[in-house]
Amino acid sequence: MKFLQHELDYRRAMQRQFTRREALYRMGAGIGAIGLAAMFGDKASAAGVGSPLAPKMPHFAPRAKRLIQLFMPGGPSQVDTFDYKPMLAKHAGERPASVDKKSLRNTKMGLMPSPFGFKQYGQCGKWVSDIFPQVAQCVDDISFIHSMHTDIPEHAGGILMTNLGALQPNRPSLGSWLTYGLGAETQNLPGFVAMSPRAEPRGKGANWGNAFLPGAYAGAYVNIQHMKPDAVIGNLKSAGLSRQQQREQLDLLAKINQMQLARLEQDQDLEAGIQAMEMAFRMQFSVPEVFDVSKESEETRKLYGDSEFAKGCLISRRLIEEGVRVVQLSLSIDGYDIAWDTGHENIVNGHAALAKACDQGIAALLTDLKGRGLLDETLVVWGGEFGRAPTSEGAKGRDHDHYGYTVWMAGGGVKKGFSYGASDEFGLSAVENRVHVHDMNATILHLMGLDHEKLTYRFSGRDYRLTDVFGHVVHDVIA
Amino acid sequence: MKSVPASIPTGAWAVVFMSLMFAGTNLSAKEDTFTSEQIEFFENKVRPVLVTHCYSCHSAEAKKLKAGLRLDSRARILKGGDSGPAIVPGNPAKSLLSQAVNYGDPDTAMPPKQKLADADIAALTKWVEMGAPWPGSDAAASRAEKSTKAEAYDWEKFRREHWSFRPIVAAKPPKVRRASWVKGDIDRFVLARLEAAGVTPNPAAEKRTLIRRAYLDLIGLPPTPEQVAAFLNDRRSNAFAKVVDSLLASEHYGERWARHWLDVARYSEADGGFGDQPLPNTWRYRDWVVRSFNADLPYDRFLTEQIAGDLLAEKPDPAGTGFFAVGPTYVGDGGDPEAQAQAEAETLADRVDTFSRGLLGLTVACARCHDHKFDPITTKDYYAIAGVFRNTRRENFPVVPQAEVDAFKAGQQAIKDQEKQIDEWLHAATKRLNLKRPEVEKSLDEEAKKSLAELRGELERRKKSAPPMYATLHGLKDSGSVDMPVALRGDLRKPGEMAPRRFLEIVAGKEAAPYTKGSGRLELARSVVASDNPLTARVIVNRVWGWHFGEALVRTPSNFGVLGEKPTHPELLDWLAADFIQHGWSMKRLHRQILLSSTWQMSSHFDKAKFTRDGDNRLLWRMNPRKLEVEVWRDSLLAVTGELDRTIGGPSANQIWESKRRTVYASTSRTGDIYQADRFLRLFDAPAAVSSAEKRVTSTVPQQYLFMMNSPFMTGRAQVLGDWMRGLSGPRAHHLRDTYERLYSRPPEPAELQLASEWLGKNPAPERWHRYAQMLLSAHELIQIQ
């Protein structure tokens, strides 16, 4: 049933494409007869004339159509946010064998209870730290995964592992894989948009890079501190021409190119180019619109609040509404690229400020998506590249912890008000139903209708995958 | 499409075979007939778990065998260790192995440090349930026992049957029917294949097309109208040969062809790795490549200098070793040993990958964790090569006379000496006055203050007069001479058997001489260019062919292995390679040979019948029409507006939009997000410099047209061109003719004149000219080579 529904959606999307093109033709773009045949015929798309971002059939019926990744670089501490560990208070200062594991800085301190209070929320009675009071209100829509683990306790490698499924920056990012696998439901925007306020997460472009996938699958990055649509798509605005003047100008170019096409009789690049040019024309007007949050209702804007991150959340919603496949929004405050790493010296100040910077925006996004009926088909994933140890570093801080940490998912086909896996009694290591980053990525692909073992790209004699040779879909979190 | 994942951890063959040598032979193997699915399950899901989590204590590899238990052969597992058989096939509940991994009893919970992932435990359980499938039989085991060394591949079969491992044999150019078409031996091979297929080659391109093609191909700039006219008027039979010779003699040739090589070298001006720090002197490597092409440095020497230029007995020069030295170098960002090992492993993987795909057309990096699944490349091969680079480090070599280096060092020493003197003076004063150091200065008398000030004044003078840091280049230097072990599953902290440094076994044979001199780089270079190496020459002539035609004879230029494509014209490829070696590995000679062929000179014209027959042009019935590389396009735009700065070489320009220099001189980063040029180049399909590029792909996306419509670069060029057109005297048709000649090397057609007059009207405002010019510059014709 669901599959049929998707099939219908897909055909509708193709239909929309077609009529848009047709409308353009009527608008007077004046595409020559040869070009026309090539552009509209099935044969043409088989020959690769179509846009690389045209929607593609998934492997099976998807549960989520798009992904919003709320990326928390730096390593948020699980035991101070969503993984409640009352045992920490009982054993404060002790260093039992189960937590006596090497951390990055190899700290030898004892257990440190969370400085924050925890309360129970929702029907599911989830314990949530006081620093996330608003996300706490959404727990009945969330699946918490408390048994995440990853390969290394270092930011650069950990961040790449999370976003690329590899420790080296020469692999395509998750968002690139998804747009490669599924295309996008818009031809006026990039299929994959990465955003952060202020600093880009460590590793920069690699986190949304296409590596060896075709360039159309690269994420477009925008710094939401400045919020210039021109940053998403270069050269979006004409310096001095009106829409009418631009139209004239493009008609001239179309004619010049058609004469060339007539001389050549057939040229795939040129035919595709004539089509791409028309899309470029439209993008100039559609892109600024999507980044302009001033058109949102007063109520909506109030829901999100004024923080930079919240603005990013609101834009994320607008982007996926327009058909963008993947949005990655990273948290950064004070220009620090690994925001949550402020936890080394002082969990109280660092984490409280960071949670405050994103709590309302995240809750607003979930509420807003739900209110618009979009949450069911939009997968929202929250988490960092690893967590922080329940033992202390110095007097008040915590060191990196890759043995176990928490990530949560909401919407698009995941269980509601659910917790999966468990860390040990103090929260250092994932012990029950362990989920590696590869498993998480496999699960994300699965929810989006892609088999992580089949989504491959042949590069230099070898079929690459997001999950390399690893990854198991965590079926238990799927509703 | 069958999925062939990157690093299926089915490796550790060496471990397996070694263990079989000791395997008991009288244990029954009635489960000998496992299905291929079962064996595949074992290889994919079970063996990797055993290798990774168990073998450091329970295999022949174990430093100290624990509990007398070995898990590296089925027989050993059935025999078990101190506690008895490890498994009861078909019955996980009764199997000690299952109990251990399920952490049933804390004393025997295995692996001791951390419980296995659930999926791994499930796989082991299922495997025991299946009856513990294991590849090979006891018969095979006993065979392995008898043979002194079990083989990973049938080497001779590969050498005999896979085209790229066979020796290069220069066949006699074939006879053809239409001998009049033949200008050189290349044409014989191409025409013979066309004739056999019953397809006729396209007619020769007309002279205008030909000269434009030659300019764009060889120097990456369009010809001027005068150059076109001179060629059109030259009726001599060698007119075109003269054009080719003059282009090969132009310094712009080196710029254009260096850029091709820089794709292979995954050249960028930043470190890559995790941080992508800028490397200030990478341009010296780029300039070395440009100079080498211009000087027609023989290709064998070109490669030797890039691998081991610093080690040459005669005229040592480290400049070429930038090929490796400017590659991505990974460092951990903390002190975690696991991360350090990862970083080193990634750096080595880059070196091996760039080396093997770039120079040999082999994907040796696939053998980092396991023997190659398809090609005859073992992990030992990988670590034999990696070992060479592990004994090598990056060094900043001075590029100035020694006197300048000495002067810099002397200047620095003088500063240090003075600092030391001040320190000693203060130390003495501290003692004399019996005060703490920070309080001393406040308590000095006038005279003492004066002498301290003098000492400090002298320090300032020395700092000012010290010569600045001398210029350097990034090159390679030997740092040791030790072999490394195979890293089990690619993890440097899990050493397997030693992998002596030597060349690939498939090429050099089992008795390949080990490399012993320093890192072994010079010996490695000798192996690469050895006359009996069948790969090196084939790989480069194929690449050069591809750069001239848009498609190479082997359409996977960096993969000559089993999964790569086969050559469309194998005899031609071999003939070219043999001829190339025989004539001193001269690139310029190869270019000349290709450009003077009828094959290269064919028109690119569409032909419906032939296109239907062979749309991919594998038969070579026409020249491939294609989009130009982005560098050539930008350079052409600057050339036709008369703005191009033709300075050769030197430091790169960070600000590409302010610079009028050729695009090869733009700064680029590895992650593609640091310099102005990064985004622009990527938009127009320049490869990401994260790994050696096999070939360029072309894509057509709307953003390219936004660039043409709105970028300040395009509007700027349009103004220059528009103003130039406006300033021409005489009738407008002449303006347009001059413009078309300048941009497209041809006069306009009547319809184009008509279009122009419609757009421009009677007395066009300057702005109208500019907008017209911008569309002429955006036309597809300028970004295409016909």
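1. Conventions. Residues are numbered from 1 along each chain as its sequence is written, and chains are lettered from A in the order in which they are written. In this predicted model, local features need pLDDT of at least 70 and side-chain atom pairs count only at pLDDT 80 or more, whereas totals for chains, interfaces and linings use all residues.

2. Chain interface. In chain B, 68 residues are in contact with 65 residues of chain A (C-beta atoms, placed from the backbone, within 7 Å). H30(B) supplies the largest share of the side of chain B that touches chain A, eight residues (helices are DSSP runs of H or I, at least four residues, numbered from the N terminus). That side of chain B divides into 29 nonpolar, 24 polar and 15 charged residues (nonpolar: Ala, Val, Leu, Ile, Met, Phe, Trp, Tyr, Cys and Pro; charged: Asp, Glu, Lys and Arg; polar: the others, Gly among them).

3. Domains of chain A. Domain 1 covers 2-55 + 243-284 and domain 2 covers 66-234 + 292-477, with bounds from an automatic or database domain assignment. Nine residues of domain 1 are in contact with eleven residues of domain 2. On the domain 1 side, helix H9 (residues 268-291) of chain A gives the most, with three residues. The residues of that side are seven nonpolar, one polar and one charged.

4. Helix pair in chain B. The contact of H9(B) with H11(B) joins B:Leu210, B:Ile211, B:Ala214, B:Tyr215 and B:Leu218 of H9(B) to B:Phe240, B:Val243, B:Val244, B:Leu247 and B:Leu248 of H11(B). These residues divide into ten nonpolar, no polar and no charged.

Key:
Two residues are in contact if their C-beta atoms, placed from the backbone, lie within 7 Å. Helices (H or I, at least four residues) and strands (E, at least two) are DSSP runs, numbered from the N terminus.
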